[in-house]
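Please read each point alongside the sequence and the coordinates.

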Amino acid sequence: MIIVEGITKHYGSRKALDNVSFTIKPKEFVILVGPSGAGKTTLIKLFLCEEKPTFGRITIDGKDIHLLKDIHIPYYRRQIGVVWQDFKLLPNKTVYENVAFALEVSGKPDDKIKKEVMKILDLVSLRDKADSFPHELSGGELQRTAIARALVFNPRFLIADEPTGNLDPQNVNEIMNLLLKINSLGTIVLLATHNRDMVDALGKRVISLDKGKIVRDRKRAKYDYR
Amino acid sequence: MFVSFNRILRSAFSSFLRNGWLSFVTIFIMTQALLIISIFASLNVVISTSIEAVNERIDVAVFFKDTAQEDSILSLKSQTESLEGVREVIYTSPQEALEIFLEDNRNRSIIRDVISSEENFLPASLEIKVTDPYLIEEIVEQVQEMDSDHLISETSLEDNQKIIERLRNLGGFIQNSSLLLALVFLIIAVLIIFNTIRITIFTRREEIEVMKLVGATDWYIRWPFIFEGIFYGLVATVLSSLLLVAGYLTLIKPMVDSYVISTSGNPVFSAGFWTFILLLQLIIAVSVGTISSYLATRRHLSV
């Protein structure tokens, strides 16, 4: 259970988020829509502890994530998977190494890492690209690598920030199906997107943000933030 | 713990290789900086050895009256030897002085014709060598005080005072300014290395950010960069040492063999000298590599 309570975030005099509250239940699929500058990215940064809220709090399973000490933040981040629009892969590491990196950080033995990484690469159909470097991959493959990395810890919560922003329609479908599959396996998915077709096709709960406020929160909704 | 260390080393080494061009440029610049340091350090060693060699030749002679007995002169000699700052005292009898004089002028028949070995006009003398040219005046004064029978007719100090003074001042000046220059270049070289590594890490700041966002701890991110800094230092030290030895063998050695400084007992370019240069480079390269990597990553870790 994720509870966002009265979150307000100021950047100087600008209010990026203004008293935002909502709850996400286990296994839920939530889509966050809104124009640029509506506060989607700020909200995601707050979930990742990249930023601290000015007011309000976010609790995950009863724990306020912004009360975590700096040294505990890396361990918290390993429990949530994140996918970005610009992929954020490590350019000098292969697909395999990018995915394995997250596990290596946690100190798991090599043979276990290998098993888990290969399993995840199968899930995103990238096993045959394991030794490729990011610059050798297509946009869709890059994003699937990023998703594989986000999933490798078996997170209960996956955040996807405009994951299809840089992809062509065919890849968009691929990523969308992948997200649905992940959700069906029991992971909470929070998807921030601009992609009207995708939102309409998914038919999931849609939270609409505008100027830092929630203007709509509907189940099985279509793309509409006005 | 061991698993992590292994991974960190492996990660540092692979990124060292995969960032080939960046690593190459960094090492190239570091090698140059180390060469500058080594050249100035060598120059300093050469200069101070040369100055020591010159200082060793600054000495003073004390001449005795004809009436002085050899016994009294020798007793004064042993007294002088016990003075502080005296390295060596050489007694030259009038007979020996004449022999040396004749030997020096063996090709000048006019002089040889005028001088007969029976009428020796040359005085007996003590040649006093000192450890520090600045002590000369004091030592001569003490010797004159010990000479209670007034056997000394004159000393070479009166004639040579100005030359000695000039040599001493020049030596001090050269030594101080070469040390200062070496220090200035040391600082410049350290700053160059520091900045090169900072830029190298700056170009990879996004990598650091990504690592943090996928849950790597600060030290897990930082160690590979620090090891890379150490690699750079090690490779640059090896390269610059090889260049230095090559340069020495082709350019410097032929000159040194015939040069003044080689006459001063200890060869300048000894094993000790090379060890000093190698250690100097190694310590500077590795410590600056480590510290600058640490500081440069710290800036990008605040995600």
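1. I29(B) is a buried residue, because 20 other C-beta atoms lie within 10 Å and the threshold for burial is 20 or more. As the model is predicted, this assignment is a computed one. I29(B) belongs to helix α2 of chain B, which covers residues 20-57.

2. Which residues does I29(B) contact, leaving aside its neighbours within four places in sequence? They are I192(B) and T196(B). The separation between I29(B) and F5(B) may also be noted: 24 residues in sequence, and 29 Å in space from C-alpha to C-alpha.

3. In chain A, helix α5 (residues 139-151) packs with helix α6 (residues 169-184); the angle is about 15 degrees and the axes are 10 Å apart. Angles under 35 degrees count as roughly parallel, and α5(A) and α6(A) are therefore described as roughly parallel to each other. Their crossing is right-handed. On the α5(A) side, the contact is made by G139(A), G140(A), Q143(A), R144(A), I147(A) and L151(A). The α6(A) side consists of N171(A), E174(A), I175(A), L178(A) and I182(A). Sorted by class, this contact of α5(A) with α6(A) comprises five nonpolar, four polar and two charged residues.

4. A further helix pair in chain A is formed by α3 (residues 95-105) and α4 (residues 110-123), which pack at an angle of about 130 degrees with axes 10 Å apart. That angle makes α3(A) oblique to α4(A). The crossing in which α3(A) passes α4(A) is right-handed. Helix α3(A) contributes Y96(A), V99(A), A100(A), L103(A) and E104(A) to the contact, while α4(A) contributes I113(A), E116(A), V117(A), I120(A) and L121(A). By class, the contact of α3(A) with α4(A) has eight nonpolar residues, no polar residues and two charged residues.

5. How many residues does each chain bring to the contact between chain A and chain B? Chain B supplies 15 residues and chain A supplies 17 residues. On the side of chain B that touches chain A, the elements giving two or more residues are α1 (2-18) and α8 (205-213) of chain B. The most is given by α1(B), with five residues. In terms of class, that side of chain B holds seven nonpolar, five polar and three charged residues.

Note on methods
Residues are numbered from 1 along each chain as its sequence is written. Chains are lettered from A and ligands numbered from 1 in the order in which they are written. This is a predicted model: local features need pLDDT of at least 70, side-chain atom pairs count only at pLDDT 80 or more; totals for chains, interfaces and linings use all residues. Two residues are in contact if their C-beta atoms, placed from the backbone, lie within 7 Å. Helices (H or I, at least four residues) and strands (E, at least two) are DSSP runs, numbered from the N terminus. Ala, Val, Leu, Ile, Met, Phe, Trp, Tyr, Cys and Pro count as nonpolar, Asp, Glu, Lys and Arg as charged, and the others, Gly among them, as polar. A residue is buried if 20 or more other C-beta atoms lie within 10 Å of its own, exposed if 12 or fewer, and partly exposed in between; C-beta atoms are placed from the backbone. Axes are lines fitted to C-alpha atoms, for helices over the stretch in contact, and angles run from 0 to 180 degrees between N-to-C directions. Angles under 35 degrees count as roughly parallel, over 145 as roughly antiparallel, 65 to 115 as roughly perpendicular and the rest as oblique. A crossing is left-handed if the near helix is turned anticlockwise from the far one by less than a right angle, and right-handed if clockwise.
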